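Colleague: Please pick one part of this model and give me a close look at it. Then link it to the rest of the chain in one connected account.

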Amino acid sequence: GILNLYKNFNVATAALSGKAARRIEEATGYPSNTIHRLLEWQLEGGFARNESNPLNVDLVILDECSMIDDSLLLQLLKAMPDTAKLVLVFDDAQLSPIGAGSPAKDLLSSNLCINRLTKIHRQAESSGIKLDANKIRKNQDIFTPEDTFIDEHGNRLVQSPVIHGKDKDMEIYLYSDMKMSQDKIFQQ
């Protein structure tokens, strides 16, 4: 929708990862880059696009912002013309940045214009992935009484595998040691 509103303007779309940039292209038919490619990262260090050599854009739509640290966002802001607009797209339940700062989370507590999309489109309403993820976000136990049993010492143990969701799309395997976990991962 935003791309349609700005179809007569110079628009750049970008994401932190190449996979997300490709997904933007698939979903919109509009070219997209990683942030580093958009800012023209130089092997000798630094970005070619900066306050002295700004991007030729009217709008930048930036995805995966929850994983962008302060430093990278600052580099993008320096490379944007004063008249350009920036749309940040992120899920505050996604991974945090590896580097210092979390501008996306900081912005959520600001008085900037924030629009929240609340409908999940990747999983069905009855998806075990969605249901368990929401419980984890709320610090709730994802294991139901049907998933557990009491051993001879009175300990509550979880059966493995645990399968959740109407379509049985969430499988959880529990192992008692690292070697068993590694073997299962490599089997997949």
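Modeller: Start just after α6, where N139 takes a positive phi of about 60°. This is a predicted model: local features need pLDDT of at least 70, side-chain atom pairs count only at pLDDT 80 or more, and totals for chains, interfaces and linings use all residues. Residues are numbered from 1 along each chain as its sequence is written, and side-chain values use heavy atoms, with hydrogens and water left out.

N139 is not a glycine, despite its positive phi. Most residues other than glycine have a negative phi. N139 sits in the loop between α6 and β5 (148-150). Helices and strands here are DSSP runs, numbered from the N terminus (helices: H or I, at least four residues; strands: E, at least two). N139 counts as exposed because its relative accessibility is 75%. The cut-offs are under 20% relative accessible area for buried and over 50% for exposed, with partly exposed in between (1.4 Å probe, protein chains only).

Now step back into the helix. α6 covers residues 128-137, and G128, K130 and D132 are buried in it. The cover over its buried residues includes β7 (162-164) and β8 (170-172). L131 also lies in α6. At 39% relative accessibility, L131 is partly exposed. L131 and M170 are 39 residues apart in sequence, with their C-alpha atoms 9.3 Å apart.

E40 belongs to the loop between α3 (35-38) and β3. E40 is partly exposed, at 34% relative accessibility.

Strand β3 (residues 59-63) pairs with β4 (residues 85-88) in the parallel sense, over 4 bridges. Strands count as paired if DSSP finds at least two bridges between them. L59 has K85 of β4 as its bridge partner. Between β3 and β4 the chain passes through helix α4 (residues 70-79), and this β-α-β crossover is right-handed. Right-handed means that, with the strands pointing away from the viewer, the path from the first strand over the helix to the second runs clockwise.

A79 lies in α4. Its relative accessible area is 0%, so A79 is buried. A79 is in contact with L39, R49, N50, E51, P54 and L55, leaving aside neighbours within four places in sequence. Contact means heavy atoms within 4.5 Å. L55 is 24 residues from A79 along the chain, and their C-alpha atoms are separated by 5.8 Å.

β3 also pairs with β1. The two run parallel and are joined by 5 bridges, with V11 opposite L59. On β1, 5 of its 5 residues are buried. Both faces are covered: V11, T13 and A15 on one side, A12 and A14 on the other. In a regular strand the side chains alternate between the two faces of the sheet.

T13 lies in β1 (residues 11-15) and is buried, at 4% relative accessibility. Its side chain reaches the backbone oxygen of P31 at 2.9 Å. The T13 side chain also makes a polar contact of 3.0 Å with the side chain of S32. A polar contact is a pair of N or O atoms within 3.5 Å; within protein, one must be able to donate a hydrogen and the other to accept it, and residues adjacent in sequence count only if both atoms are side-chain atoms. Beyond its neighbours within four places in sequence, T13 is in contact with residues including L3, I24, Y30 and I61.

S32 brings in β2. β1 and β2 (residues 32-34) pair in the parallel sense over 3 bridges. A15 stands opposite T34. With helix α2 (residues 18-28), β1 and β2 make a right-handed β-α-β unit.

Finally, the whole chain. There are 7 helices and 8 strands. Of the 188 residues, 26% count as buried. Of the contacts between residues at least 6 apart in sequence, 51% join residues at least 24 apart.
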